[in-house]
Amino acid sequence: YALGSGDGEFAFPGDIATTTDRVYVTDSRADSVKVYSISGQYLFSLGTGLFSFPTGIAVDETQMKVYVADHNNSLIRVFDLDGNNIMDIDGEGKILRPQGIALDADRIYLTDSYHSAVAVFGRTGGFQGYIGDYGKGPGELRIPLDAAFDSAGKLFVSNNNNQRIEVFGVNGFNYLTLTPSVINLTGFSNDDPLSAEITLESERPAAWTIHKNAAWISFNQELGSTPAKIIVTADPAGLEPGHYSEDVRFLLADGITSVLRVALEVKDPRGISVVPATVSFTYQINSADLPSANLFIQSEGSAVGWNSSTNVTWLTVLPDTGTTPATLTVSLNGNVLKLPEGDYGGEVTIDAGSVSGSPAVISIHLSVKRTGTITVKTNLPQSSFTIEGPEDYSGGGLVWSADDVPPGRYSVVFQDLPGYSTPPARSVTIRSGRETTVEGIYHVNAVSNGINGIVFLTDDGYANIYSNDGSPVKRFRINRKGKKVVTGDVDGDGTDEIIVLSRRLIATAYEPDGSMIGYITIKKSLILDIRMEDINSDGKDEVVLLIKRRGKKTDRTVSAFGFQDMRFRKISTLLRTNSPAKGFVFCDLNGDGGPEVVTSNKRRITAYYNDGSNRSLYAESDARIFDMECGDMEEG
């Protein structure tokens, strides 16, 4: 049997985990985890509205928890078996592209394709270290994609770019705990060195060595064994004012690495300063939420003592005395409940005596309103909607919110999007001091994904879209006469974009409605061929170009360009060769799941493998090659 109701059940299934009676499947492009009975009946989805491209999943049925790698948010999200979000484990800056996930009795093991390592966390959070490091040697990883344990406690890691499975013994996993693991120091350019103590502990005694780059950091010892206490020193002398940071690596003999982040802020010696200079509050009548804001007091030079005060009864400032640097919290208190609707003003004064910048007076503005808040959440960034009621609104995107909404009854109507089913309209009541949330989920139509049929170019400078029954869908003018057209989903919205190669000089991307979203030009070069391929397995297609430098007969590169932040950026160079290639394709020639680059010229076809080797597939002097494609054409 199959999970679900039929074809199109999943947009991009990525990983799977089971319990005795359920099946959990990550659907990366749908940003959710879909749950089925063991017989294949759909039950529910979890994490909708939270995920951004979920990848790996693991289930601990004994503890009744589901662990999911949230790829684009660099998080581990934890749910109960019924889909309730229990907690999120922050990557703490130690993971960037989480892929697969595995569990033992005490820890979470997360493959990170960016760092080429397995990041280890406690079950309730807390980074414990890395397993593996980047490289080609034994125990070294290049783009690991998934991990799993066997019954003996061995950890198996799919070592993608090294084209092998790595096996680690972690029954005796011994990691180094640094307390604290982050050191923040602040000093002045004429200060003496600043120091802090670090405690090093491990489950068993272990030898460690320190690896660092920054000259302004030093340690009283750079190797030793646990347990130990060492002193880290940051010397601001000679550094320009600004922010400095260094990740210091503590390496154990078995390859486990722990990281100490040392951050140093260097200041000029001047007076006292308080930011921000103005704070504005809005209080909604009947709300239980009393807003607050922070004031940051700094001094340039030695520490300065200060006192704080306010001239209004509806404000509380804590603490009321201290020394720099310091953070004050300014918050509304219960007296604000007595205020009628209207606007009010007040001040907070920071008095540091005779130093420069004292007293610092911060203006406080308060608006008391009989209004509520409405928040609309969807699963598509291109979504839009209208809201009709005592006041009308319009908005769009994944999360949209409006404060100061007059109380009353409102209707939320979602707009149609090509290729998706439209969420039903919602009717809600807004009350003063309350937040009302409306969710609208768009589902991909099984029959269409934005372009229905074919796209072709004509010599009058137009791109033409026709449906599969031969009827015209759209015709729009392109910037330059095109030589070749390809399609691919470059922005991950579920609809293919149209990329036109013009005069071998520029590749321009268009939405199916004809609007241009970006272009690629290569200085002092010609574009010989163009393809679409999801190079980094992020669910979005990259534009891949075969490029020839002008004036060079045999200088060729194959480069991939990704669409990020509303523009195309080069993300990798896949191949450099001195062959006179005219075209190229992607083809999985060795069955490893990763495509190789295959180039062609008039007489020869050559394959380039991921390990750096190449092989001639065809060489013929009597017949010329004029086109080439790759496909699965062998039985089995």
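First, a definition: a charge sits over a ring if NZ of Lys or CZ of Arg is within 6 Å of the ring centre and within 35 degrees of the ring normal. Here, the charged end of Arg-475 sits over the ring of Tyr-462, 3.9 Å from its centre.

Some ground rules. This is a predicted model, where local features need pLDDT of at least 70, side-chain atom pairs count only at pLDDT 80 or more, and totals for chains, interfaces and linings use all residues. Residues are numbered from 1 along each chain as its sequence is written, and side-chain values use heavy atoms, leaving out hydrogens and water.

Now aromatics. Rings of Phe, Tyr and Trp (its six-membered ring) pair if their centres lie within 6.5 Å; planes under 30 degrees apart count as stacked, over 60 as edge-to-face and the rest as tilted. The whole structure has 18 aromatic pairs. Take Phe-385 and Trp-400: ring centres 5.5 Å apart, planes at 80°, so edge-to-face. Buried means under 20% relative accessible area, exposed over 50%, partly exposed in between (1.4 Å probe, protein chains only). Phe-385 is buried at 1% relative accessibility. Trp-400 is buried too, at 16%.

Next, Phe-476 and Tyr-510. Their centres are 5.4 Å apart and their planes at 45°, so this pair is tilted. Phe-476 is buried, at 6% relative accessible area. Tyr-510 is buried at 3% relative accessibility.

Back to Phe-385 and Trp-400. Which aromatic cluster do they form with other residues? Tyr-393, Phe-414 and Tyr-442 complete that one cluster.
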